[in-house]
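These are my notebook entries on a single chain. I record what I looked up, in the order in which I looked.

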Amino acid sequence: MFNKIETFIAEWKIKFKVRIIIKIIGGKIMKKVSILTDSTSDLSKELLEKYDITVFPLHIHLGEKEYADGIDITVDEIYRWSKETKETPKTSALSLFDAKEYVKKALEKSEEVIVFCISEEMSSCCSVMCMAV
């Protein structure tokens with residue numbers, strides 16, 4: 001299991017510059033690890049299924065409207081809106097309550113959680129997830 005996770009993390013580091021948050025229960029190596037990532041990772045369905053990765057959405061603000069990234073709106077729709085309006089979409093992190101719920105669900109099926117988030121310089125998502133774990 002850890003070989004697969006180490007390989008995944010190596011692949012991820014090559015593709016993205018991310019800060020990795022690791023929560024280890026009791027300081028011991030566990031058998032089952034859950035992986036969480038925010039929706040900005042844009043990972044393929046194959047990769048999500050291969051590593052059983054859970055994606056939590058960031059909030060996308062297009063003008064006055066708010067959407068859950070990947071749930072209420074697609075990447076193509078975001079690009080279309082931006083091209084039509086000549087505006088840059090705004091984002092916001094998930095709430096602390098929602099972050100805790102994602103972590104709680106992950107810990108129901110594993111004892112260790114790895115969270116990949118967009119850069120702290122671009123979003124408060126990483127800070128929220130740090131508070132949640």
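I looked up the surface first: in this predicted model, the chain exposes about 8,600 Å², of which carbon and sulfur atoms supply 53%. I then checked burial and found that 36% of the 133 residues are buried.

Next I read the secondary structure. I find five helices and seven strands, and along the sequence they follow the pattern α-β-β-α-β-β-β-α-β-α-β-α. For the contacts with a separation of 6 or more, I note that 69% join residues 24 or more positions apart.

The largest nonpolar core has 17 residues, and Leu36, Phe56, Val115, Cys117, Cys125 and Met129 have the most contacts inside it. Two or more residues come from each of α4 (96-109), β7 (112-117) and α5 (125-132). I note that α5 gives the largest share, five residues. Apart from this core I find another, of eight residues, including Val33, Leu43, Leu48 and Phe116.

I then examined β7 by itself. Six of its six residues are buried. Which residues of β7 point one way, and which the other? I list Glu112, Ile114 and Phe116 on one side and Val113, Val115 and Cys117 on the other, all of them buried. For the pairing of β7, I find strand β2 (residues 33-38) joined to β7 in the parallel sense over five bridges. One entry I checked is serine 34, whose bridge partner in β7 is valine 113.

What is in contact with phenylalanine 56, leaving aside neighbours within four places in sequence? I find Leu36, Thr37, Asp38, Ser39, Leu94, Tyr102, Val115, Phe116, Cys117, Cys125 and Met129.

Last, I searched for aromatic pairs and found one. The rings of phenylalanine 56 and tyrosine 102 have centres 5.8 Å apart and planes at 50 degrees; I therefore record the pair as tilted. The pair links distant parts of the chain, since phenylalanine 56 lies in strand β3 (residues 53-56) and tyrosine 102 in helix α4, 46 residues apart.

Notes. Residues are numbered from 1 along each chain as its sequence is written. This is a predicted model: local features need pLDDT of at least 70, side-chain atom pairs count only at pLDDT 80 or more; totals for chains, interfaces and linings use all residues. Side-chain values use heavy atoms; hydrogens and water are left out. A nonpolar core is a set of buried Ala, Val, Leu, Ile, Met, Phe, Trp, Tyr and Cys residues joined through side-chain atoms within 4.5 Å. Buried means under 20% relative accessible area, exposed over 50%, partly exposed in between (1.4 Å probe, protein chains only). Helices (H or I, at least four residues) and strands (E, at least two) are DSSP runs, numbered from the N terminus. Contact means heavy atoms within 4.5 Å. Rings of Phe, Tyr and Trp (its six-membered ring) pair if their centres lie within 6.5 Å; planes under 30 degrees apart count as stacked, over 60 as edge-to-face and the rest as tilted. Two strands pair if DSSP finds at least two bridges between them. Accessible areas come from the Shrake-Rupley method with a 1.4 Å probe; for residues, only the protein chains shown count as cover.
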